[in-house]
Amino acid sequence: MPTQIITNIKQLVNVREQTHVLRGSELAELPVLGNAYLIIENGIIAGYGEMKDAPKAFPTGGGVEGAVLPAWCDSHTHLVFAGSRENEFVDKIKGMSYAAIAAKGGGILNSAKKLNETSEDELFNQAWMRLLEVSKLGTGAIEIKSGYGLSVQGELKMLRVIKKLKEKSSLTIKSTFLGAHTYPVEYKENHQGYIDLIINEMLPVIAKEKLADYIDVFCEQNFFSTEETETICKAGMQYGLKPKLHVNQLNSIGGIETGIKLNAVSLDHLETLSPAEINVLGNNPPLLKEVWMGLCTLLPTAAFFLRMPMQPARQLIDNGGAVALASDYNPGSSPGGNMNFVVALSCIQMKMLPEEAINAATLNGAYAMETGNNLGSITIGKKANLIFTKPIPSLAYLPYSFSTNLIDKVMIGGEFI
Ligand code: NIG
Ligand code: FE
């Protein structure tokens, strides 16, 4: 690939010599270069600076009227699923609760039924279309979970689809095993039986075929207890799968403590948090026995879609938390993966500053997938995954103008898609 030189960029956003996870007040600092240039070699960022310091030999014309920012790093999705669940959406409008729908075989079980009836090829095709859709919306890296199989064959089918997506796509993709998403009907009264299936039948194959990078559990009342979460995660960790967990979405049952004890890479959802838990997540020393360096991944579109109170982003950040933002793209609680809307909603409903939301959806999102050293900022040596916006008066215009598509072009690994 020839060297690419992009000149006269109006705003080059999230430019950093070195990076680390952004905590608390660091999230509000978003370094921007005005009238900048960017050099890309073999799909990797090789240089940048202000035009006034550009080498004389640089091409003069051209220019980028909008901003160039790192592509979104969407660190929590369930992008592989079969069909859709708009019938439940209507049930909810008529007054049924998420828990009530789940209890009558809807929800995750409904998606599992559909998935087990869908061929691997068809599942791949549906997921591929969604991946194309989100990449055009600026997503350059994405985590995808299993969890709609709930059978040995179904879970392996999902993970093999994710593996194929990794092979075929230029996006950076991370795979998470979420066999513990809910108990299948036949194991409703036999939790140990399903846990045994996960540990003895699923995990060994997943490890052998290298089908997952992480392990996840839906730690929630009527789903998986903290003890069950710990058992399953520890089994996964024996195969090198680190935990990234669904905790405190509907209830607070101790998932935060469990997640921190397991040294989870991220604790996700967090709609329901006590003040003490907010403090612990901010890594505030008097309350925390272990030092936890993980991320708090907030999924505001899920809270929005389920009409739940938003995650307390402001309190988490003000208490020192390392917040990341993700779409949770799934058929039940967030049937869309538009990270531009996630960023806007975070500002509108959670009172995050535009700078905080952009950092949380780029650099911290990358760290929530342990790809922070390769993605999420304009840094020499990182992959050139970039969003080129249309002309905008300022960066705050992105979340402000929440329903307008302001993306002009998207580059993944140095190539425009
Ligand atoms: O992250 N809460 C658990 N899992 C998904 C939703 C699953 C579904 O309803 O299909 C979530 O919101
Ligand atoms: Fe989720």
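This is a predicted model: local features need pLDDT of at least 70, side-chain atom pairs count only at pLDDT 80 or more; totals for chains, interfaces and linings use all residues.
User: Before we start, what are the ground rules for the numbering and the values?

Analyst: Residues count from 1 along each chain as its sequence is written, and chains are lettered from A and ligands numbered from 1 in the order in which they are written.

User: Are His78 and Asp328 buried or exposed?

Analyst: Both are buried. That word takes under 20% relative accessible area, while exposed takes over 50% and partly exposed is in between (1.4 Å probe, protein chains only).

User: Why is the Tyr187 and Tyr194 pair called tilted?

Analyst: Rings of Phe, Tyr and Trp (its six-membered ring) pair if their centres lie within 6.5 Å; planes under 30 degrees apart are stacked, over 60 edge-to-face, and the rest tilted. The Tyr187 and Tyr194 centres are 5.6 Å apart with planes at 45°, so tilted it is. Tyr194 is buried too, at a relative accessible area of 0%. Tyr183, Tyr187, Tyr194 and Phe224 make up one aromatic cluster.

User: What makes Tyr37 and Phe58 an edge-to-face pair?

Analyst: A search of the whole structure turns up 11 aromatic pairs. In this one, Tyr37 and Phe58 are 5.0 Å centre to centre with 85° between the planes, which is edge-to-face. Tyr37 belongs to strand β2 (residues 32-41) and Phe58 to the loop between β3 (44-50) and β4 (64-70), 21 residues apart. Both Tyr37 and Phe58 are buried.

User: How do you know that Arg130 lies over the face of Phe81?

Analyst: The rule wants NZ of Lys or CZ of Arg within 6 Å of the ring centre and within 35 degrees of the ring normal. Arg130 is 3.5 Å from the ring centre of Phe81. Lys168 also has its charged end over a ring, that of Trp128, 4.7 Å from its centre.

User: What makes a space a cavity and not a pocket?

Analyst: On a 1 Å grid over the protein atoms alone, a cavity is a set of points where a 1.4 Å probe fits but cannot get out; a pocket is an open set with protein on both sides within 12 Å along at least five of seven lines, and lining residues have an atom within 4 Å of a point. The count is 2 cavities of 30 Å³ or more. The largest cavity holds about 120 Å³, and its 14 lining residues include His78, Tyr98 and His181. The largest pocket has about 620 Å³ and 29 lining residues, among them Tyr98, Ala99 and Phe223. Helix α2 gives the largest share of that pocket's lining, 5 residues.

User: Why is Lys210 called exposed, but Pro31 partly exposed?

Analyst: Lys210 has a relative accessible area of 66%, so it counts as exposed. Pro31 comes in at 29%, so it counts as partly exposed. Lys210 lies in the loop between α6 (191-208) and β8 (214-219), whereas Pro31 is in the loop between β1 (4-13) and β2.

User: What stands out about the phi of Lys210?

Analyst: Most residues other than glycine have a negative phi. Phi of Lys210 is near 50°, a positive value. Lys351 has a positive phi as well, near 60°, and at 62% relative accessibility Lys351 counts as exposed.

How values were computed:
Side-chain values use heavy atoms; hydrogens and water are left out. Helices (H or I, at least four residues) and strands (E, at least two) are DSSP runs, numbered from the N terminus. Grid points are joined across faces, edges and corners, and a volume is the space filled by probe spheres set on the points.
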